[in-house]
Amino acid sequence: MRNVGGADPIPPAEVLRARYRRRLPRALDELAGPRHGVVDLPLHVVWSGLSSFSLDQPKARMSLYRVVLAEGQREDLIRFLNRDLLLTQWPVLRRLVSRHLREVWEESFPELTRTVATSD
């Protein structure tokens, strides 16, 4: 099947990667979210289920990061994610997010892959 204009259809995986790329911060240093306390995510990020997460509880913090990475817009990433927490959690977190999300983040921010190498 071809798209309008005769072009080949864009593979779904590439559509997802492009979606994640558009949302990326320019640098991990932009991630200025909190390190402690409770974070309440807005409805456009989490529309069902748990919306309040304690950063002081490792499982809750991991859940928050998973949701924000997958569903947040650029402004949400900057507001709710913290650079140092992301780097610390990445070796485990990378296994909890989609392959496409993981690839986009690791291609864009090589420092994430370095945290994986040092945690092995």
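Here is a conversation about the predicted model shown above.

Visitor: What pattern do the helices and strands follow along the protein chain?

Guide: Happy to start there. The protein chain has 6 helices and 2 strands. Read along the sequence, they come in the order α-β-β-α-α-α-α-α.

Visitor: How much of the protein chain counts as buried?

Guide: The C-alpha atoms fill a box of roughly 55 × 35 × 25 Å along the principal axes. The accessible surface comes to about 7200 Å², with 54% of that belonging to carbon and sulfur atoms. Residues count as buried when their relative accessible area is under 20%. Of the 120 residues in the protein chain, the buried share is 38%.

Visitor: What share of the contacts with a separation of 6 or more comes from residues 24 or more positions apart?

Guide: A contact here calls for heavy atoms within 4.5 Å. Among contacts in the protein chain with a separation of 6 or more, the share from residues 24 or more positions apart is 62%.

Visitor: Let's look at helix α2. Which elements do its buried residues pack against?

Guide: Helix α2 covers residues 58–71 and reaches 20 Å from its first C-alpha to its last, close to the 20 Å expected. Its buried residues are Ala60, Arg61, Met62, Leu64, Tyr65, Val68 and Leu69. They pack against α1, β1, β2, α3, α4 and α5.

Visitor: Is Ser54 buried or exposed, and which residues does Ser54 touch?

Guide: Ser54 lies in strand β2, residues 52–54. Its relative accessibility is 17%, so Ser54 counts as buried. Leaving aside residues up to four places away in sequence, the ones Ser54 touches are Gly37, Val38, Ala60 and Arg61.

Visitor: On to charged side chains. How far apart are the closest N and O atoms of Arg17 and Glu14?

Guide: Both residues sit in helix α1, 3 residues apart, about one turn of the helix. Arg17 is buried at 16% relative accessible area, whereas Glu14 is partly exposed at 32%. A salt bridge needs the nitrogen and the oxygen within 4 Å. Arg17 and Glu14 form one, with their closest N and O atoms apart by 3.6 Å.

Visitor: How many residues apart in sequence are the parts that Asp84 and Arg35 tie together?

Guide: The side chains of Asp84 and Arg35 meet in a salt bridge at 3.4 Å, N to O. Asp84 lies in helix α4 and Arg35 in the loop between α1 and β1, so the pair ties together parts whose separation in sequence is 49 residues.

Visitor: Which residue forms a salt bridge with Asp84 at 2.7 Å?

Guide: Asp84 is partly exposed, with a relative accessible area of 37%. With the closest N and O atoms 2.7 Å apart, the residue bridging to Asp84 is Arg83.

Visitor: Which residues do salt bridges with shared partners join into one network?

Guide: A search of the whole structure finds 10 salt bridges. Those that share partners join into one network the residues Glu14, Arg17, Arg21, Arg99 and Glu103.

Visitor: One last stop: what is the angle between the planes of Trp105 and Phe109?

Guide: The structure holds 1 aromatic pair. Trp105 and Phe109 form this tilted pair, 5.4 Å centre to centre. Both residues are buried. The angle between their planes is 45°.

Definitions and conventions: Residues are numbered from 1 along each chain as its sequence is written. This is a predicted model: local features need pLDDT of at least 70, side-chain atom pairs count only at pLDDT 80 or more; totals for chains, interfaces and linings use all residues. Side-chain values use heavy atoms; hydrogens and water are left out. Helices (H or I, at least four residues) and strands (E, at least two) are DSSP runs, numbered from the N terminus. Buried means under 20% relative accessible area, exposed over 50%, partly exposed in between (1.4 Å probe, protein chains only). The expected span of a helix is 1.5 Å times one less than its number of residues. Rings of Phe, Tyr and Trp (its six-membered ring) pair if their centres lie within 6.5 Å; planes under 30 degrees apart count as stacked, over 60 as edge-to-face and the rest as tilted. Accessible areas come from the Shrake-Rupley method with a 1.4 Å probe; for residues, only the protein chains shown count as cover.
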